[in-house]
Amino acid sequence: RRVVFERLAGWDRRPPGPSRAWLDGPVSDLPDTARAAGRLALLTAFASHQVTDGDVESVQAAGYGDPELVALVAWSAFAAARQIGRWLGSIG
């Protein structure tokens, strides 16, 4: 959650781009056991179109079951939606 919140706080409203290199920095401080989940959380929040089967399989290999996996991506998507909602609320 920390890496998603930090990335949302500094988000310039632009997509991260076609490369996945932007993921490396935010997850580098996470324990090895949490990196796959961190990557999937960030991808879900900022570039869901880049999520692959391999991303999901990596999180499952780290011990996440279906309920935890669904909770991870739902929370990440909702965190991004809340941020966008705040931006939209400040327009009018």
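I take a polar contact to be a pair of N or O atoms within 3.5 Å, where within protein one must be able to donate a hydrogen and the other to accept it, and residues adjacent in sequence count only if both atoms are side-chain atoms.

I note that this is a predicted model, in which local features need pLDDT of at least 70 and side-chain atom pairs count only at pLDDT 80 or more, while totals for chains, interfaces and linings use all residues. Residues are numbered from 1 along each chain as its sequence is written, and side-chain values use heavy atoms, with hydrogens and water left out.

**Entry on serine 76**

I looked up serine 76 and found it in helix H5, residues 66–91 (helices are DSSP runs of H or I with at least four residues, numbered from the N terminus). Serine 76 is buried, with a relative accessible area of 0% (buried means under 20%, with a 1.4 Å probe and protein chains only). A polar atom of its side chain lies 2.9 Å from the backbone oxygen of leucine 72, and the side chain of serine 76 also reaches the backbone oxygen of alanine 41 at 3.5 Å. Leaving aside neighbours within four places in sequence, I found serine 76 in contact with Ala41, Thr44 and Ala45 (contact means heavy atoms within 4.5 Å).

**Entry on H3 and H4**

I then looked up helix H3, residues 32–46, and helix H4, residues 53–61, which pack at an angle of about 140° with their axes 8 Å apart (axes are lines fitted to C-alpha atoms over the stretch in contact, and angles run from 0 to 180 degrees between N-to-C directions). The contact is made by Ala36, Ala37, Leu40 and Leu43 of H3 together with Asp55, Ser58 and Val59 of H4.

Note on methods:
Helix = DSSP H or I, 4+ residues; strand = E, 2+ residues; numbered from the N terminus. Buried < 20%, exposed > 50% of the residue type's maximum accessible area, 1.4 Å probe, protein only.
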